[in-house]
Amino acid sequence: MSKHLIPDTLMLEERALHAINAIVGLADHDHDGIPFFAADLLQEPACMTHGDWDYGSSHGRMIDALVLARHMTGSTEGKETEAKYRANLMSFFKEDGLSYRQVSPAHDWEPNANLIDQRAVILSLTSWYMESGDPKVKEAADRHVAALKRIAIKERDIWFYPASEYKEGGWPSSNGILLRLAPDPASFCGRLVMPLLKYHEVTGNKDAFELCQFFTALIIERSGVFNEDGSFNTALAYRSGHFHTRIGTLDAIARFGAFTGNAATIAWVKKSYDWALTVGTTFGWTPGDMHEQAYEHETCSLVDLISTGITLAQSGYVEYWGTVERFLRNHLTESQLLDLDWVQQSEDHSNDIHGDVSYYKVADRTRGAFAGYSAPNDFVCDVIEGRGHTNDLQICCLGSGTRGLFMGWSNTVTEHKGTVSVNFLLNRGSKWLDVHSYLPHEGKIVLNINADIPRLLVRIPEWAGFTKIKYTRERDGIVTAGHGKEPSRWVNRCFLLLDEAYEGETITITFPLSIRTTVETAVDQSFVTEWRGDDVVSITPQGKTKPLYTSRVVFEQAPMKEGSLRRPEQDFIW
């Protein structure tokens, strides 16, 4: 695609390209290509470490992320590493169809089929099959789903797993007891619904649908994971209200409610989602849990919020489009590690411990990863409360962060029964139209129409009002103008109706930017936050180690650059 001048503003596909660098860079080529799980960037020199999540969980997340990132970017970087990840993932399956953790050279971990891992496994197999259509992948996925069904404990109206880990001999494993992981329904059952449902949509697999149906009933009707008011049960047996697994479960059940057309299920999710929003910030920081990890935000949790918000918005709660855009523009992209000048790295392997720790080029290899634990104003969480500083990167957050970029990118422009909707005011190319966003510098969006559109809708942020919205339409040298005060111009509360649009037409929409200050609360700590539209431009107090929101420069006119927007021939829908 030929390059031309475009706004030099946030492009999610560029961020996905950076993520590929970290996905490939985390592979440990001295340990069969198994990726490192975590990184401590404060240590001098910085180090990467392996963990018990190295197997089905890490490989599954990396394969899924690479499929999505390659669709966004067209990049082929790291194909050999990706092939190794895929081969490793397949090698973790045993005859019973489940994915097993392996014996580690540095740790005395007991091989087991961890139930948290299985979610990432079927997630990756689903994306892999959607991308390739490979019958061998489908065969592995079918066997995996059948195994998940076979080992579930089945009662009259619910199914569940009685422990965190399954062994070849059956339930339970001694390691599950040592880890003090109670049979938490959200962690082991609820989150599984999301990839299982997509696998059912893609293949028609009936076992996958049954698992979704009975796990959803377990969560809503019997589990006690969520309190009556929608809040998270903070008991130890429920992982202290662990946010990633709670909101991941909401994401899963929202999808199931939408798929089955169950309005009551959607309303149930909305109640808990609204509660979760009250204990985070409006720019996307969330607690890790409600006790020891409260100060540690996981990118995983934010991506769950993004995905759940999109499903709720698609189900008619259109106010969440704006909520999600704030998350995308702020804490998701701010949590991506691009500047590593503050990280000290080693240039050799001399201090590495095989299968355990590496100090080699950690900064270079992790560029593009997402925060594992962050503060609202700092990439590094190093507080006196909670657990203090543990690590800064986790591979699960890299996988989730990449998926978050994809969810934002793929839902920026959508089509349904002839109606094309621009839901996020972000740069995005598509076969219908290209979106050029001048935000946060200017309140301006330019749409280049690539094909005739019977009905075009554009979401306008709630802070922009309607009286000062203006637009011009240029087609074949003829320019017409309109404004937001025209009758019958607004539908679905916040969408500007532009009627038909035609190939070759250029539509420019302008509106005033909201310049405002909010006080955000995160676990009883207050942060004064300056906004320009939906973008945070500064936070006080500033972070100390790797401050966030300190390098955002705003101009009166958006800077321009030479470039182009990717337009896939076929959209990849998750």
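Is Arg 246 buried or exposed? Select Arg 246: at 0% relative accessibility, this residue counts as buried (buried means under 20% relative accessible area, exposed over 50%, partly exposed in between, with a 1.4 Å probe and protein chains only). The model is predicted, so local features need pLDDT of at least 70 and side-chain atom pairs count only at pLDDT 80 or more, while totals for chains, interfaces and linings use all residues. Residues are numbered from 1 along each chain as its sequence is written, and side-chain values use heavy atoms, with hydrogens and water left out.

**Salt bridges**

Asp 184 lies in the loop between H6 and helix H7 (185-188) and Arg 246 in helix H10 (residues 243-260), so the pair ties together parts that are 62 residues apart in sequence. Helices (H or I, at least four residues) and strands (E, at least two) are DSSP runs, numbered from the N terminus. Asp 184 is also buried, at 0% relative accessibility.

The structure holds 36 salt bridges. For another, select Glu 110 and Lys 167, whose closest N and O atoms are 2.5 Å apart. Glu 110 sits in the loop between helix H3 (79-91) and strand E6 (113-114), and Lys 167 in the loop between strand E9 (165-166) and helix H6 (174-178), so this pair links parts 57 residues apart in sequence. Lys 167 is partly exposed, with a relative accessible area of 25%.

Next, show Glu 462 and Arg 326, which meet in a salt bridge (3.0 Å, N to O). Glu 462 belongs to the loop between strand E16 (455-459) and E17, and Arg 326 to helix H13 (residues 319-334), so parts 136 residues apart in sequence are tied together. Glu 462 is exposed at 51% relative accessible area, whereas Arg 326 is buried at 13%. Then select Glu 325, Arg 329, Glu 334, Arg 459, Asp 535 and Arg 552, which salt bridges with shared partners join into one network.

**Strands**

Move to the open sheet of five strands, in the order E12-E13-E16-E20-E19, with mixed pairing (two strands pair if DSSP finds at least two bridges between them). Strand E12 (413-416) and strand E19 (490-491) stand at the edges with a single partner strand each, so one side of each has no neighbour in the sheet. E12 and strand E13 (residues 419-422) run antiparallel and are joined by four bridges. His 416 has Thr 419 in E13 as its bridge partner.

Strand E17 (residues 470-475) and strand E18 (residues 478-483) pair in the antiparallel sense over six bridges. Lys 470 stands opposite His 483 in E18. The hairpin has two residues between the strands, and Asp 476 takes a positive phi near 55°.

**Nonpolar cores**

Which residues touch the most other members of the largest nonpolar core? Of its 134 residues, they are Leu 41, Leu 125, Tyr 161, Leu 196, Ile 306 and Leu 398 (a nonpolar core is a set of buried Ala, Val, Leu, Ile, Met, Phe, Trp, Tyr and Cys residues joined through side-chain atoms within 4.5 Å). Apart from this core lies another, of 25 residues, including Trp 432 and Ile 509.

**Last stop**

Asn 21 lies in helix H1 (residues 12-25) and is buried, with a relative accessible area of 16%. Leaving aside neighbours within four places in sequence, Asn 21 is in contact with Glu 77, Asp 364, Arg 365 and Arg 367 (contact means heavy atoms within 4.5 Å).

Technical notes
Salt bridge = Lys/Arg side-chain N within 4 Å of Asp/Glu carboxyl O.
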